[in-house]
Amino acid sequence: MIGEDLSIYSEKQRKNKIKAEKKRLEDIFSNIDTSRKKLVESLIEDAAFQRITLEETRAIISRDGIIETYQNGANQKGIKKSSAVEVYDKLVNTYSKIIKQLCDMLPERVNLDQDDPAEELLSFVAGLK
């Protein structure tokens with residue numbers, strides 16, 4: 001597996017997906033206080049990148065499995081948790097924290113009959129774990 005191209009998306013696809021996710025998040029978090037806009041922009045960029053990377057990493061895990069073989073020198077070999085699983089574990093935790101930060105910045109909802117974008121995002125994150 002070493003040296004194989006593990007990417008799922010082309011660079012152009014990845015950029016387009018990140019851009020679309022960023023737009024979606026900007027729409028959801030558009031009503032955050034203007035004094036926090038710069039912080040929100042940075043968090044949204046990070047969240048968009050991480051969500052697309054999580055999708056891609058999940059596809060790699062589905063394709064290649066959760067374990068991989070390794071060989072260190074002539075005598076040392078075995079199996080271990082795949083690198084993609086390790087990346088996924090770290091990313092999903094960071095992504096969850098960023099989404100929680102963003103949701104905490106949302107103003108209180110007045111009309112509880114409307115769909116809550118924050119709940120939609122939290123449901124998505126819960127599904128990643």
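Hi everyone, let me start on the surface: Ile-66, Ile-67 and Ile-79 form a nonpolar patch there, with about 320 Å² of accessible area together. A patch here is made of residues with over 30% relative accessible area and no salt bridge, with nonpolar side chains (Val, Leu, Ile, Met, Phe, Trp, Tyr) joined within 5 Å and like charges within 9 Å. Accessible areas come from the Shrake-Rupley method with a 1.4 Å probe, and for residues only the protein chains shown count as cover.

A word on what we are looking at. This is a predicted model, in which local features need pLDDT of at least 70 and side-chain atom pairs count only at pLDDT 80 or more, while totals for chains, interfaces and linings use all residues. Residues are numbered from 1 along each chain as its sequence is written, and side-chain values use heavy atoms, with hydrogens and water left out.

Ile-66 sits in the loop between H2 and strand S1 (67-72). With a relative accessibility of 56%, Ile-66 counts as exposed; exposed means over 50% relative accessible area, buried means under 20%, and partly exposed is in between (1.4 Å probe, protein chains only). Ile-67 belongs to strand S1 and, at 47% relative accessibility, is partly exposed.

What does Ile-67 touch, not counting residues up to four places away in sequence? The partners are Ile-79, Lys-80, Lys-81 and Ser-82, where a contact means heavy atoms within 4.5 Å. Take Lys-80: Ile-67 and Lys-80 are 13 residues apart in sequence, with their C-alpha atoms 5.4 Å apart in space.

Now let's step back to the whole chain. It has 4 helices and 2 strands, and from the N terminus on the order is α-α-β-β-α-α. Those elements are DSSP runs numbered from the N terminus: helices are H or I with at least four residues, strands are E with at least two. Of the 129 residues in the chain, 33% are buried. The chain exposes about 8800 Å², and carbon and sulfur atoms supply 51% of that area. If we take contacts with a separation of 6 or more, 66% of them are between residues 24 or more positions apart.

Let's go inside. In soluble globular proteins, nonpolar side chains tend to be buried together. In our model, the largest nonpolar core has 27 residues, and Phe-29 and Leu-102 touch the most other members. Helix H1 (11-28), H2 and helix H3 (83-105) each supply at least two residues of this core, and the largest share, 11 residues, comes from H3. By nonpolar core I mean a set of buried Ala, Val, Leu, Ile, Met, Phe, Trp, Tyr and Cys residues joined through side-chain atoms within 4.5 Å.

Have a look at Leu-25 too, which is in helix H1. Leu-25 is buried, at 0% relative accessibility. Leu-25 and Leu-102 are 77 residues apart in sequence, yet 9.6 Å apart in space, C-alpha to C-alpha.

Next, the charged residues. How many salt bridges does a search of the whole structure find? The search finds 11, a salt bridge being a side-chain nitrogen of Lys or Arg within 4 Å of a carboxyl oxygen of Asp or Glu.

One of them joins the side chains of Glu-21 and Arg-51, at 3.2 Å from N to O. Glu-21 lies in helix H1 and Arg-51 in helix H2, so this pair ties together parts that are 30 residues apart in sequence. Both Glu-21 and Arg-51 are buried, with Arg-51 at 14% relative accessibility.

Arg-51 also forms a salt bridge with Glu-55, the closest N and O atoms being 3.8 Å apart. Glu-55 and Arg-51 are separated by about one helical turn, because they are 4 residues apart in helix H2. Glu-55 is partly exposed, with a relative accessible area of 22%. Glu-21, Arg-24, Arg-51 and Glu-55 are linked in a network of salt bridges.

Over in helix H3, Asp-104 and Lys-100 lie 4 residues apart, about one turn of the helix. Their side chains meet in a salt bridge at 2.9 Å, N to O. Asp-104 is exposed at 53% relative accessibility, and Lys-100 is partly exposed at 47%.

Is Glu-56 buried or exposed? At 8% relative accessibility, Glu-56 counts as buried. The side chain of Glu-56 reaches the backbone nitrogen of Tyr-9 at 3.1 Å. That's my tour, thank you!

Notes: Polar contact = N/O pair within 3.5 Å; in protein donor to acceptor, adjacent residues only side chain to side chain.
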